[in-house]
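Hello,

Here is the structure I promised to pass on. My notes follow below it.

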Amino acid sequence: NRLVKRIGNCVFNSGWLRCWGRDIPKKYANNSVVCSGSTLGSSSALLAYSERMIQEFDKQECHLGPTQSQSDQGYHNYLYHSKAFHTLPGVRIAHHEQGYGGLVNTIGAMNGFRVPKHMKGPLDSHWKIRDSKGFIYEYDGTLSAAIHQWDRFAKELTKFVDSLVNEYEKRPPNDRS
């Protein structure tokens with residue numbers, strides 16, 4: 001969520017990007033953090049993505065440098081924001097800001113420990129993206145297809161997620177799609 005997290009106000013993501021030079025976090029400071037945990041694609045596109053990531057791991061060796069970045073997130077954001085992924089053959093890049101129609105709604109940053117207190121709150125009353133049944137929605141009111149990092153709201157969502165799992169497990173095996 002750009003309101004609470006961008007490259008420039010995230011010590012982790014800006015720190016990881018320093019591997020490419022001290023000016024890189026400043027260059028991308030106002031850019032959204034693009035979560036590597038919700039990367040999707042065809043098998044050929046994901047193979048090209050993985051090969052490019054590994055090529056960058058081998059080239060930069062951020063995990064061996066002074067920052068000792070163990071995170072794929074830094075590599076992912078650098079390659080995304082520098083447009084390196086955009087040039088891969090057979091790969092089409094689509095990015096949607098959190099809550100605005102992407103395949104995955106990544107909500108974790110909305111409740112991070114570095115989010116200012118006045119910007120934190122429940123998904124229903126503060127962010128207004130959770131209905132009375134417990135489902136999470138996009139900001140335009142459409143149901144989110146998939147939620148990433150819901151555990152950041154575990155107190156609020158665990159009972160609902162457990163109820164969905166229990167409901168699913170009660171279905172006959174041939175009706176679990």
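A term to begin with: buried means under 20% relative accessible area, exposed over 50%, and partly exposed in between (1.4 Å probe, protein chains only). Tyr75 is buried, at 3% relative accessible area.

Some background. This is a predicted model, where local features need pLDDT of at least 70, side-chain atom pairs count only at pLDDT 80 or more, and totals for chains, interfaces and linings use all residues. Residues are numbered from 1 along each chain as its sequence is written, and side-chain values use heavy atoms, with hydrogens and water left out.

Now the aromatic rings. Rings of Phe, Tyr and Trp (its six-membered ring) pair if their centres lie within 6.5 Å; planes under 30 degrees apart are stacked, over 60 edge-to-face, the rest tilted. The whole structure holds seven aromatic pairs. One of them joins Phe57 and Tyr75: the centres are 4.4 Å apart and the planes at 80 degrees, so this pair is edge-to-face. Phe57 is partly exposed, at 28% relative accessibility. Tyr100 and Tyr139 make a tilted pair, with 5.0 Å between centres and 45 degrees between planes. Tyr100 is exposed at 56% relative accessible area; Tyr139 is partly exposed at 29%. There is also a cluster: Trp20, Phe57, Tyr75 and Tyr78 form one aromatic group.

Lastly, a charge over a ring (NZ of Lys or CZ of Arg within 6 Å of the ring centre and within 35 degrees of the ring normal). The charged end of Arg176 sits over the ring of Tyr168, 5.3 Å from its centre.

Best wishes
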